[in-house]
Amino acid sequence: KQKTQMSNNDNESVIKYKNIYLGGNKTPGSIGVLRINAAGFLWKTQSGKKLTVHSTDIRNAIWIRLGAQLCQLTLTLNNESTVKFGGFTTNDYIRIAEILKEKFEKELPEKELSTIGWNWGKPKIENKTLTFEVNSKEDFSLPLTDVSQVNSQMNKGEVRIDFHQDDTSVSEQSLVEIRFYIPNAAEIENMDAVKSTPIAENADIFKSLLIENGEIFSNTGNSIITLPQLQLLVPRGRYDFEMYPTLLKLEGKNSFKVMYTSISRLTTIPLPSER
């Protein structure tokens, strides 16, 4: 279908917000200006990094208060992905709600987060997002599109989620992984808060649901070529190299996925024996 192009020629039709960051990333390279008009949202940084959300792609919107004054606008798109714009204040809510109503015919409900501080609760997967709920309120959420791989350790009842790393970020710190402990059946009987959690049966089921709903590996299709049992130094061991149109998948003792877009350089180093 035809996409409506965003235009900034008519200044009266464009609402502009400065110091808006994308996806919870407050680093200088991820802070930009957000422009809103009838065609949608256009977010752009000083370095030229930008993101466009067309009005026809927006399914719904949610307003979340993150602190005393700090607020976030979350857009859910028709493809089930989410876009988060942070850096708003509580005073911006009325104007943003009016814009969404007038230009996009969307309501802007407010969502209350859990602040109880518990580190256990109910996981929920919806719209390609893993939401961790405590007492039916969202504690935090993780976009599954940011996940690079999922591994489980059944003997420990753990599921480890690894995230894609942004090589262009100026921040020296970033979230690399997060681990969930999945209680076994005997433990669940003694934990009222997780009795109703259908995906907390064991670590392997939780892992499978994350992969399935996040399409972490399921959307790769058939591999272009497979190179079996190649010896690696890091990670150490033998792995099958499965090459797909957009990524390289390593299968061995563990599974790894390398996006081609994250590769900056390839170097060939001869062995001392010249083999």
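Which residues form a nonpolar patch on the surface here? Hi everyone, let's start with that one. What we're looking at is a predicted model, so please keep that in mind as I go.

The patch is made of Ile224, Ile225, Leu227, Leu230 and Met243, and together they have about 400 Å² of accessible area. Strand 15, which covers residues 225-232, gives the most to this patch, with three residues. Met243 sits in strand 16, residues 237-243.

Okay, now the aromatic rings. When you talk about a pair of aromatic rings, you give the distance of the centres and the angle of the planes. How many aromatic pairs does a search of the whole structure find? Ten! I'll show you two of them.

One of the ten aromatic pairs is Tyr17 with Phe88. The pair is edge-to-face, at 5.3 Å centre to centre, with 75 degrees between the planes. Tyr17 belongs to strand 1 (residues 15-22) and Phe88 to strand 7 (residues 82-89), so this pair ties together parts of the chain that are 71 residues apart in sequence. Tyr17 and Phe88 are both buried.

The other pair I picked is Trp63 with Tyr93. Their ring centres are 5.6 Å apart and the planes are at 65 degrees, so this pair is edge-to-face. It links distant parts of the chain, too: Trp63 is in strand 5 (residues 58-65), Tyr93 is in helix 1 (residues 93-104), and they are 30 residues apart.

Last stop, two single residues. Find Thr131 in strand 10, residues 129-134. Thr131 has a relative accessible area of 14%, so Thr131 is buried. What is Thr131 in contact with, leaving aside its neighbours within four places in sequence? You get Lys122, Pro123 and Lys124, plus Glu138, Phe140 and Ser141.

Then there's Ser47, in the loop between strand 3 (40-45) and strand 4 (50-54). Ser47 counts as exposed, because its relative accessibility is 66%. Going from C-alpha to C-alpha, Ser47 and Gly32 are 9.1 Å apart in space, and they are 15 residues apart in sequence.

Methods. Residues are numbered from 1 along each chain as its sequence is written. This is a predicted model: local features need pLDDT of at least 70, side-chain atom pairs count only at pLDDT 80 or more; totals for chains, interfaces and linings use all residues. Side-chain values use heavy atoms; hydrogens and water are left out. Helices (H or I, at least four residues) and strands (E, at least two) are DSSP runs, numbered from the N terminus. Buried means under 20% relative accessible area, exposed over 50%, partly exposed in between (1.4 Å probe, protein chains only). Contact means heavy atoms within 4.5 Å. Rings of Phe, Tyr and Trp (its six-membered ring) pair if their centres lie within 6.5 Å; planes under 30 degrees apart count as stacked, over 60 as edge-to-face and the rest as tilted. Patches are made of residues with over 30% relative accessible area and no salt bridge: like charges are joined within 9 Å, nonpolar side chains (Val, Leu, Ile, Met, Phe, Trp, Tyr) within 5 Å. Accessible areas come from the Shrake-Rupley method with a 1.4 Å probe; for residues, only the protein chains shown count as cover. A salt bridge is a side-chain nitrogen of Lys or Arg within 4 Å of a carboxyl oxygen of Asp or Glu.
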